[in-house]
Amino acid sequence: MNFALYIAKRYLFSKSKNNAINIITRIASIGIIVGTLALFVVLSVFSGLRDFSLSFTNTIDPDLKVAPILGKSFFITPEQENQITAIKGIASYSKVVEERVLFFFDGKEQVTYLRGVDENYYKINAVSKSLFNGKWLRYNTAEVVVGYGISQKLSLGLYDFNNDFEVYVPRKGKAVIESEAEAFNKSVLIPVGIYAISEDLDSKYVFADLRLAQDLLEYKQNQVSSIDIKTKPNANEAEVIDNLYTLLGNKVAVKNRAQLNATLYKMLNTENIAVYLIFTLVIIIALFNLIGALIMMILDKKSNLKTLYNLGSEVNDLKKIFLFQGSLLSIMGGIIGLSLGIIIVVIQQQYKLIMITETLAYPVTFTIQNVVIVMSTIVTLGIISSLIASSRVTKKLLD
């Protein structure tokens, strides 16, 4: 066994004759354990909040979205549709038409998005599984599914045949408008379902049949606003995107979920980094106790160090004793703190002890990434602290 490591282990597990050193060492150990515990729990909480926040957008947003760079629509041929299906890594795709239009019901009106979707849309995301009431629409009909916020604002119920739920879409052209019929394309819709995802999304979309939306917007049958794509679990996203660009050309942009919600992702990542840095600072402050404990140990063992030096040990070997001692203390404290943190996170996941509301538990997510980050942080800072303290062992001290 390495000489310096052997002595360091002896010093680590043996008590000093000076009780003050024992107390300082215990305080340093507790500081490392609590700091590790706090850092891991907080990172797990933010991972949970991140997943919770993104779950809302993931319900609406596809894995990949193809949209025009210029304008609001583009054309796709049947041959291109067949080639999209043949691209390795694509599980399914759906054609989408989307535009802001005016909805009118029982004297109330609201401007929001009409989203026309085809029969493959349910394969792309889980909107059809997020229904608060009613059922998903049938295709090639006037049936629609509205958001909970829209239904509340318009006082809109399902299958209300006493009042028409109307949609008005401005017609194309520059001719002189002499009547409402010349200004708008109009259709009477039949609400058959209400979805509930989040406050923002519930007030944003009315889902309708693709062909109905194309007719209202005066689009051709092969004209769409976007193509939503679901990729296979082990698909190479970069390769799929390259193939889509090769097929559809540079007139479209292909974006993944992170790019579709760039602001949200940036905000969540910034918050995560800020919290990590704050709690790392707390750990750094706690490790000052470790530096103090090691320096006190050096002074307490001064006579032993002189003996070892006179027997032929190098100064660097004596420095390594306290470098190893501090590093081992950091690793042990990190393992204990991390173990306690994992226990707390798992208990919260399983038993939901802390609640945000009566029905919503505080979200936490256990990830190996957080384990690696926390352990790497503790070990790195512990080694740096031990290096600082061990530098007090000099030839001048031993003479």
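1. Let's start with a charged pair: the side chains of Arg138 and Glu143 form a salt bridge, with N and O 2.8 Å apart. Glu143 counts as buried because its relative accessibility is 5%, and the cut-off for buried is under 20%. Please keep in mind that this is a predicted model.

2. A second pair to look at is Glu98 with Arg115, whose side chains meet in a salt bridge at 2.6 Å, N to O. This pair links distant parts of the chain, since Glu98 sits in strand 3 and Arg115 in strand 4 (residues 108–117), 17 residues apart. Arg115 has 3% relative accessibility, so it counts as buried.

3. Arg211 is partly exposed at 32% relative accessible area, and Asp215 is partly exposed at 45%. The count of salt bridges comes to nine.

4. Now for the nonpolar side. The largest nonpolar core has 23 residues, and Phe103, Leu114 and Phe165 have the most contacts inside it. Among the elements that each supply at least two of its residues are strand 3 (90–105), strand 8 (184–195) and helix 8 (210–217). Helix 8 gives the largest share, five residues.

5. Do take a closer look at Leu114. Leaving out residues up to four places away in sequence, its contacts include Val97, Glu98, Phe103, Val206 and Leu216.

How values were computed:
Residues are numbered from 1 along each chain as its sequence is written. This is a predicted model: local features need pLDDT of at least 70, side-chain atom pairs count only at pLDDT 80 or more; totals for chains, interfaces and linings use all residues. Side-chain values use heavy atoms; hydrogens and water are left out. A nonpolar core is a set of buried Ala, Val, Leu, Ile, Met, Phe, Trp, Tyr and Cys residues joined through side-chain atoms within 4.5 Å. Buried means under 20% relative accessible area, exposed over 50%, partly exposed in between (1.4 Å probe, protein chains only). Helices (H or I, at least four residues) and strands (E, at least two) are DSSP runs, numbered from the N terminus. Contact means heavy atoms within 4.5 Å. A salt bridge is a side-chain nitrogen of Lys or Arg within 4 Å of a carboxyl oxygen of Asp or Glu.
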